[in-house]
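Colleague: I would like to learn how to read a few features of a structure. Please show it and take me through them.

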Amino acid sequence: MQIDWNQLERVLPTVRRPGRYVGGEYNSVVKDWDAASVRVCLAFPDIYDLGMSNLGLAILYDILSALPDALAERAYMPWVDMLAAMRGAGIPLYSLESKRPLADFDIVGFSLPSEQLYTNVLEMLDLAGFPVRAANRDESHPLVIAGGHAAFNPEPMADFVDAFVIGDGEEAAVELVRTYKAVRGEGREAQLRALAHISGVYVPRFYDVHYDVDGTVAAIGPNVPDVSMPVLKRVVSPLPPPPTRLLVPNVDVSHNRAAIEIQRGCTRGCRFCHAGVITRPVRERPVEEVLAALEAILPQTGFEEAGLLSLSSSDYSGIDELVRAIIERFDGQHLSISLPSLRADSFSVGLAEAVAQGRRTGFTFAPEAATERMREAINKPISSEQMLDVAQEVFDLGWRTIKLYFLIGLPGEQMADVQAIADLSQAVWKLGRKAHGRKVQVNVSVNTFIPKPHTPFQWVGMEPAGSVQEKQALLRRALRGRGLKLDYSDSGMALLEAALARGDRRLGAVVQRAWELGARFDAWDEQRDDDAWRRAFEETGLDPGFYAYRERPPEEVFPWEVVSAGVRKAFLLRDYQRSQRGETLVDCREQCHACGVLVVYKDSWSETWRCPQPGSQDLGDL
Ligand code: SF4
């Protein structure tokens, strides 16, 4: 039954941006509720303005809406004013399409792009009227599923989610719907047993974790006979066609554009990069398919920007051809092109120049480290001379603003490496100053490195807050003055993110307690409640430093080993050791390093698949 519209109408004028909560977007799909046999609500645990730009959610909305026997609707996390208003008026969390409470759906599917959204998931479950713990829900409640990059360590959310989808969701989502349809009349346990047989699906209640006295994981294993260990990620190959009936947002959102994923995965092998490992191997979308998608999207949406998304745009083999074809085909239509993640080389500057078409906003580089020693350690080798040559080229072509991204706290980093960040940024600024005088602007963004699961740095401990703050102080002193702007991440946020990213199942009690104490919107500095988190750790007797700061020995069993990104642990360990020796690996398009990426991708335990890169080496079973 729909929520009370009159009540909603009374509440909406009292909150900011009421357009976030009314639905009815152009291209939204409202299907006949009674005709659908499986109803899915796709839930995004952050506000509408961010969720509407989430490509994963758009892909699943498109795929599930196209199923004749299913419907898909959406719910986003209400901002704090709307949360209070909904709770005050007794309005449960509802879907934007049919305005039905989430309790009316069969499945609620959360997208989990990052760890800072965990307490928002609990808030949404509670606002929907569900017990937050999976063990306290039964078949009268919707199944709660989650997927996304943070699901590659599902353990801190294992108490709250019935089943996780690990890896690409396009095929798994359809299989989940089909399987649910076949077992919907059965009890929750039987439903989940059926779901656990879908490849890439992890159901935490069917696995036990045992701990050693020192708090590390002794063993993880299934407690039922017929589930997989580890759960291998799903990979779709080739990539299915991109969605073209994109939703047109009601309010101005962070990325209001025709987003098309041109490639998934990355071959560069940067050792700090979580996305680079979990999305291996690279799959490119043909140029013609991207162009056809764009031709379909633009008249249906009126978007004036095309976002060509990938982890490394300049590595897409057809990028030159694609950019030129877009400029030619859409000439005169005022279409701008955005290319995130460009490399610092002349080819990329040429691309940026081609897409700028006179509109030069800002040029972004992500050198991540400023000394060659550190760049070798992270496997992002590029010389400072090359960086400066490229910066010069950018200024010469007319750009006045450059944004530089760095990491501090990388393994083996010394104060001299941090000083080098300031020196390189100053050197870039001086080049800009010569070219453009006082109009130059260099924005330096410095994030604290968090060693993420499944990467070669998963054994490393995060640098303690005290020394990170000393490094930040050095940068603050060195990078001031007109035309230079420094941004850095908050150390409280970094500790929380690291503890949750590297945590085990026991952290569920911390997440729940922090949420009960008022934590939510942890990604928002002005909303994050560090005190609630501190108390939650204290009351549950767990130490965030145990998870975040501790260096782990090579033999340690990681909590996240219950799932596999397909890349061998032995390969990651060898790569970590190479980093300590300052050795780099070439792009695996040039030479395969036998990372072991070998994944089950069909709904079968025996069917395996190998990396499609020419010359890739197949090492057999994981
Ligand atoms: S198998 Fe080889 S080519 Fe494929 S992702 Fe791994 S290293 Fe790269």
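Modeller: A residue is near a molecule or strand if its C-beta atom, placed from the backbone, lies within 6 Å of it. This is a predicted model, where local features need pLDDT of at least 70, side-chain atom pairs count only at pLDDT 80 or more, and totals for chains, interfaces and linings use all residues. Residues are numbered from 1 along each chain as its sequence is written.

Colleague: Which residues come nearest to the ligand?

Modeller: Cys588, Cys592, Cys595, Cys611 and Gln613 do, out of 13 residues around the ligand. That shell has 7 nonpolar, 5 polar and 1 charged residues (Ala, Val, Leu, Ile, Met, Phe, Trp, Tyr, Cys and Pro count as nonpolar, Asp, Glu, Lys and Arg as charged, the others, Gly among them, as polar).

Colleague: How do I read a sheet?

Modeller: Strands of a sheet pair through backbone hydrogen bonds, either parallel or antiparallel. Strands (E, at least two residues) are DSSP runs, numbered from the N terminus, and two strands pair if DSSP finds at least two bridges between them. Here 6 strands form an open sheet with mixed pairing, in the order E2-E1-E3-E4-E5-E6. Strand E2 (70-76) and strand E6 (201-202) are the edge strands, each pairing on one side only.

Colleague: How many bridges join E1 to E2?

Modeller: There are 7 bridges between strand E1 (residues 38-44) and E2, and the two run parallel.

Notes. Helices (H or I, at least four residues) and strands (E, at least two) are DSSP runs, numbered from the N terminus.
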